[in-house]
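Work through the exercises below with the coordinates open. Each task is followed by a solution in steps.

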Amino acid sequence: MKKTHAIIFAIISLCFNNNIQANYILNDDAISNNMFSIAMHQHYGFIIIHSTEIRAIKDSYPIGTELTFNWQKMNQESWDLCYCYPRIGVLVSFFDFDNKSILGYGYNVAGFIEPFFPINQKINISFRLASGLSFNTNPYDSIKNPNNLSYSLPINEYSQLAGSVHYTVNSKLRIILSVNYNHISNGGLKQPNKGINYPTLSIGADYIPESRPYINRIRTRYNGEKKIRYNFSSSYFPKKITENDKYFSVVGLTTGISKQIGRISALTADLEWVWDGTLKWQVQNNNEHKDYQRGAILMGHEFLMGRIIFSQKLGIYLYDKLKYNDSLYQKYGINFFLSQNFFTGLHIKAHRHIADFMQVQIGYSF
């Protein structure tokens, strides 16, 4: 039987003020570069059953509580970056997956970036991308917990995509309604690793100890240089498979081009070559005489946020003798520029909803 959850979410804060402070002014007088706030969200959702192998958790409806610490950029430079007031912050959350015997509980901590778009004095919207770690209490065990094919390590990667509407009650309080897509996976570090994909709806409140007015800045057409970047990188990650208890090396080389098409957007094209030690082992174990190397071309998009670049790419194998997976795959990643030319990054490769492996990258861009 399904559990019935009673959600009691009480927010005790400020008195409602009849004289709501205006959120918009027309000048730049003495405005702080940052505005700090604390938000609490209550989540309720469901788990996507993307594989017949995880049917044992099909009646699971996660419920969770999330706390975020937000620093909102208010200066002209941040506005020029995206015609928005981006927020950066840290979230911590607890999720009951509604299936204690198989999935247990999840404790998440992640950093995030959240472009925040003022619409009017009352309503604003934002879009969040978060990435961090998930600490999970009941990983796969061949004897004690054989039905948990979603995760096999107690520590996994956690990511979240969210879209939110913010309603201003007064100068210190906002009500937030969000649609969220949450994901945990170990990126192929150890099998089984079907991952947990769980969309949620959440309602919350954002408390602002010291509010700052938004400046109604002018939007100008972007006439800056639309740069072309050439990128070269190498990657490494250890990977474990169910059939063998040792770790295998996954090494990759990537070269590509990025063409900026707007203030915060760029289109990309890449060539990638990967040596996956787990595939080599499977070929040898099956007495096959095939090349385990893979080559692919990828097309995608980048969000340009200063030193940080978020990428989403779709790849197709041009060279794949094994054909153990679909010809198409996705890659999602974040790069951080250590200097003007050198960067490091973390990327995850997935076939459909199943993560294949992660890539820790170091590269050069010019």
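The exercises cover strand pairing, one histidine, and some backbone angles in a predicted model.

**Exercise 1. Strand pairing around β7**

Task: Determine which residue of β7 is the bridge partner of V109, and which residue of β8 is the bridge partner of L133.

Solution. 
Step 1. Locate the strands: β5 covers residues 105-114 and β7 covers residues 123-136. The two run antiparallel and are joined by eight bridges.
Step 2. Look up V109; its bridge partner in β7 is L133.
Step 3. Turn to β8, residues 155-170, which runs antiparallel to β7 and is joined to β7 by 13 bridges.
Step 4. Look up L133 in this second pairing; the partner in β8 is E157.

**Exercise 2. The β6-β7 hairpin**

Task: Find how many residues lie between β6 and β7 in their hairpin, and name the bridge partner of F116 in β7.

Solution. 
Step 1. Strand β6 spans residues 116-118 and pairs with β7 in the antiparallel sense, over three bridges.
Step 2. The hairpin that β6 and β7 form has four residues between the strands.
Step 3. F116 has S126 as its bridge partner in β7.

**Exercise 3. Surroundings of H301**

Task: State which side chain makes a polar contact with the side chain of H301, and list the residues that H301 touches beyond four places in sequence.

Solution. 
Step 1. Check for polar contacts between side chains; H301 and S265 are joined by one of 3.3 Å.
Step 2. Leave out residues up to four places away in sequence; H301 then touches S265, A266, L267, T268, F310, S311 and Q312.

**Exercise 4. Backbone angles in loops**

Task: Identify the loop that holds P192, then decide whether N287 is buried or exposed and whether K323 is buried or exposed.

Solution. 
Step 1. The peptide bond from Q191 to P192 is cis, with omega near 0°. P192 sits in the loop between β9 (173-185) and β10 (196-207).
Step 2. N287, in the loop between α2 (277-285) and β15, has a positive phi near 55° and is not a glycine.
Step 3. The relative accessible area of N287 is 64%. Exposed means over 50%, so N287 is exposed.
Step 4. K323 is also a residue other than glycine with a positive phi, near 55°, and lies in the loop between β16 (308-320) and β17 (328-337).
Step 5. With a relative accessible area of 63%, K323 is exposed.

Notes:
Residues numbered from 1 in each chain as written. Predicted model: local features only at pLDDT ≥ 70, side-chain atom pairs only at ≥ 80, totals over all residues. Heavy atoms only, no water. Pairing = 2+ DSSP bridges. Polar contact = N/O pair within 3.5 Å; in protein donor to acceptor, adjacent residues only side chain to side chain. Contact = heavy atoms within 4.5 Å. Buried < 20%, exposed > 50% of the residue type's maximum accessible area, 1.4 Å probe, protein only.
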